[in-house]
Amino acid sequence: MKVTEKDVAYVADLANLELSGEERGGMLRDLNSILDYIERLEELDTANVEPMAQVSDRHGVDESKQGSERFAYASREDVPEGLRKSLSQESALENAPDADGTFFRVPKVIER
Amino acid sequence: MDMTSLTIDAARSGVQERKTTALALAEAHYARIQKEDGEIGAFLTLCKERALEQADRIDHMAAEGKPLPPLAGVPVAIKDVMSTRGVRTTAGSKILSHYIPPYDCTAVARMEAAGAVVLGKTNCDEFAMGSSNENSAFHPVHNPRDLSRVPGGSSGGSAAAVAADMAVVALGSDTGGSIRQPASFCGVVGLMPTYGRVSRYGLIAFASSLDHIGPLARTVKDAAIVLRTIAGRDPMDSTSADLPVPDYVAELDKPVRGLRLGVAKEYFGEGLDDEVRHAVESAIDKLKSLGCEVVPVSLPHTPYAIPTYYLIATAEASSNLARYDGVRYSYRAPGVKSLSEMYRRSRDEGFGAEVKRRIMLGTYALSAGYYDAYYLKAQKVRTLLTRDFEEAFGKVDAIVTPTSPTAAFKLGEKSNDPLAMYLADIYTVTADLAGIPGISVPCGETKEKLPIGLQILGKHFDEATILRLAHAYEQAA
C-alpha cells in the first residue's frame with residue numbers, strides 16, 4: 001500500500017477537505033487502487049525527455065525567440081481599464097453567501 | 001415541417017423564408033423538452049425568457065427581409081460548465097448550485113451573435129469529471145436510446161438533448177473524451193477541436209492544459225457550422241491561437257480519395273468489445289472504398305495514456321478547484337465558527353465523491369516528495385505520447401479508431417469502481433494530452449440497438465480533414 005491513513009489525513013488537510021471517517025476509508029482504498037495502476041509509468045525511461053506542461057508551446061509560437069518572447073502572440077499592451085471593465089462592486093458581491101454591501105463577510109480569521 | 005428534427009440550414013432557411021419563425025421553433029423545442037426530458041434528465045436549467053427574446057430579435061430581422069446569420073433561430077443547448085450571464089451555471093455541482101454568472105462565455109456569446117437561440121443549460125458530471133453523467137449533483141441523465149443506460153459523460157446532457165431532438169446542436173466540453181464518448185453512446189456527432197482553436201473564456205476550469213469546447217450535432221455539417229462560429233482568437237483567452245479559421249463547411253465536400261488513414265493496433269487490443277470492433281472495421285472498409293489508403297501506424301505509448309491523464313488532470317483540477325472557498329460565489333456551510341472550518345465544511349458539503357477523489361489524487365501527486373515521481377513523470381510521458389502522434393502524422397493524414405471500447409453501459413454498472421470508469425476513456429484521452437482534434441461519428445449499432453462511434457483524429461489545427469472524412473463516411477454509410 002502506497003498511501004496510508006496518515007497520508008490521507010495530511011493530503012485532506014492540504015486540500016482543505018474535512019472528509020468523514022467513512023470517506024477517509026474509501027479514499028484510502030481508491031487512491032491505492034488508482035496509484036497501483038499508475039505505477040506502470042515507471043516502466044518508461046524518461047531520463048532524457050522534456051516535460052510537456054501545455055500544448056500551446058508546440059504550435060503558434062515564434063521558434064526563433066527565447067522564453068516568454070516565444071508567446072508574443074498571446075500578450076497585449078498593458079492598459080489601465082483592461083479588455084473589459086472590472087465588475088461593479090454590486091455585481092461582484094451578488095453571488096456572495098454573505099456580504100454587507102461593501103465587503104465579503106467571513107467568520108473571524110484570527111483565533112485566540 | 002417537422003420542427004424538432006431539423007438541421008441548422010433547414011431551421012435557418014425556414015425562418016429566413018418565413019415558412020416558420022424562430023419563436024415557433026423555440027416553442028416546439030420547449031414542448032419536446034416538456035414531454036421527453038422528465039425521463040431523460042438532460043437539462044438542469046431552462047432560460048425561456050432569454051430564448052424568446054433572442055427568437056423575437058431574429059423574427060424581426062426575418063420580417064424586415066434582412067439576410068440572417070448562419071445560426072439564426074436555431075435552438076441550441078449549452079453544457080452547464082459554460083457561463084451564461086444572468087442564467088444559473090452550476091457545473092453539475094452543489095457548490096455552485098446558486099451561482100449566476102455576471103458575464104457570458106465567449107463560445108456562447110459567439111453562438112448568440114450568430115443568431116442561435118439558447119434554450120437552456122445541460123446536465124453533466126460534476127465539474128466535467130466523469131464518463132457516465134452519474135456524477136451530477138442533481139440527477140443522472142438517461143440515454144435516450146435505452147433509458148436503463150448512461151448517455152456517457154461528462155457532456156451527457158448535451159449529447160442526450162441533441163439525440164432526443166430537444167436541441168438542434170449543443171456545446172460540450174472535452175478534457176479526456178467528454179464530447180466524443182457521449183456522442184458515441186448517444187449516436188450523434190461530437191467534435192473536439194485542437195487545443196487553442198476555441199476560446200475557453202467563461203468555461204469553468206477543470207484541467208486547463210486539457211480543457212476544450214466543441215459541438216455535439218446530428219450531422220457532421222452542423223458540427224462544422226458550429227465550429228466555424230465559435231473558433232478563432234479571443235483576446236480574453238491567451239491560450240486561444242491566433243490563426244485564421246478556415247471555412248470548414250466549404251471544405252466538407254472536397255474528395256477524400258487519396259487521403260492516408262492510419263490504423264494503430266494499440267486501439268484494437270484487449271478490452272475492445274467485438275461488436276464495436278466489427279463496426280469500426282467495416283467503417284474503415286467503407287472509407288477505403290471511397291478511395292482512402294489505409295496505413296498501419298504505431299502509437300506505442302498508448303497503454304500509458306490513462307495513468308498520465310489521471311495524474312495531470314487531477315493535479316490541475318486540485319489547483320483550479322481551490323477557488324471554491326465559500327467566500328465569493330460558492331456554497332458556504334451554515335453555522336461555521338472559524339475561517340478554516342468554513343473552507344473545509346463548505347468544500348466537504350459542496351463537492352461530490354468523485355470531485356473529492358480527484359482533488360485528493362491531484363494534491364497527493366503535487367505534494368512534496370511525490371511531485372517528481374508522479375506529476376513530473378506524467379508530463380514527460382505526455383511528451384512521449386505527443387511524439388507518437390507527431391511521428392504517425394508524418395505518414396498519414398488522419399488516424400481512425402473506435403471512440404469507446406464498448407457501447408453505452410448500464411446506470412450503476414461502473415459507479416462503484418473509479419478505475420473501471422476511468423478506463424472508459426482509454427481511446428479518447430490521448431488526443432486531449434497531445435492537443436490534437438478528434439471527432440466521433442456514428443458507425444452502426446450493436447445487436448441491442450446501441451450506437452457505436454468511429455473516432456477520427458487529425459493533425460493540430462487540421463479539423464477540416466477530419467470533418468471532411470467524417471462527412472464522406474456519413475454520406476456513404
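This is a predicted model: local features need pLDDT of at least 70, side-chain atom pairs count only at pLDDT 80 or more; totals for chains, interfaces and linings use all residues.
1. Residues are numbered from 1 along each chain as its sequence is written, while chains are lettered from A and ligands numbered from 1 in the order in which they are written.

2. On confidence, the model scores ipTM 0.91 and pTM 0.96. The mean pLDDT (the predictor's confidence in each residue, from 0 to 100) of chain B is 97, and 100% of the residues in chain B reach 70 or more.

3. Chain A has 3 helices and 0 strands, and its elements run α-α-α from the N terminus on. Helices (H or I, at least four residues) and strands (E, at least two) are DSSP runs here, numbered from the N terminus.

4. Now the contact between the chains, where two residues are in contact if their C-beta atoms, placed from the backbone, lie within 7 Å. Chain B contributes 57 residues and chain A 47 residues. On the side of chain B that touches chain A, the elements giving two or more residues are α10 (305-320), α11 (339-350), α12 (353-366), α13 (371-392) and α14 (418-422). The largest share of that side, 10 residues, comes from α13(B). By type, the residues on this side of chain B are 29 nonpolar, 15 polar and 13 charged; Ala, Val, Leu, Ile, Met, Phe, Trp, Tyr, Cys and Pro count as nonpolar, Asp, Glu, Lys and Arg as charged, and the others, Gly among them, as polar.

5. Buried in α3(B) are B:Ala51, B:Gln54, B:Ala55, B:Ile58, B:Asp59 and B:Ala62. These buried residues fall within an arc of 140° seen down the axis, so they line one face of α3(B); the arc is that of the directions from the helix axis to the C-beta atoms. On the other side of α3(B), B:Glu49, B:Glu53, B:His60 and B:Ala63 are exposed.

6. What do the buried residues of α3(B) pack against? Their partners in chain B are α1 (8-16), α2 (22-40), α4 (106-113) and β3 (117-122). In β3(B), 6 of the 6 residues are buried, so this strand is largely enclosed by the rest of the structure.

7. Strand β3(B) has two pairings to check, where strands pair if DSSP finds at least two bridges between them. Strand β1 (residues 43-46) of chain B runs antiparallel to β3(B), joined by 3 bridges, with B:Phe43 opposite B:Thr122. Strand β2 (residues 75-79) of chain B pairs with β3(B) in the parallel sense over 5 bridges, and B:Pro75 has B:Val117 as its bridge partner.

Conventions: A residue is buried if 20 or more other C-beta atoms lie within 10 Å of its own, exposed if 12 or fewer, and partly exposed in between; C-beta atoms are placed from the backbone.
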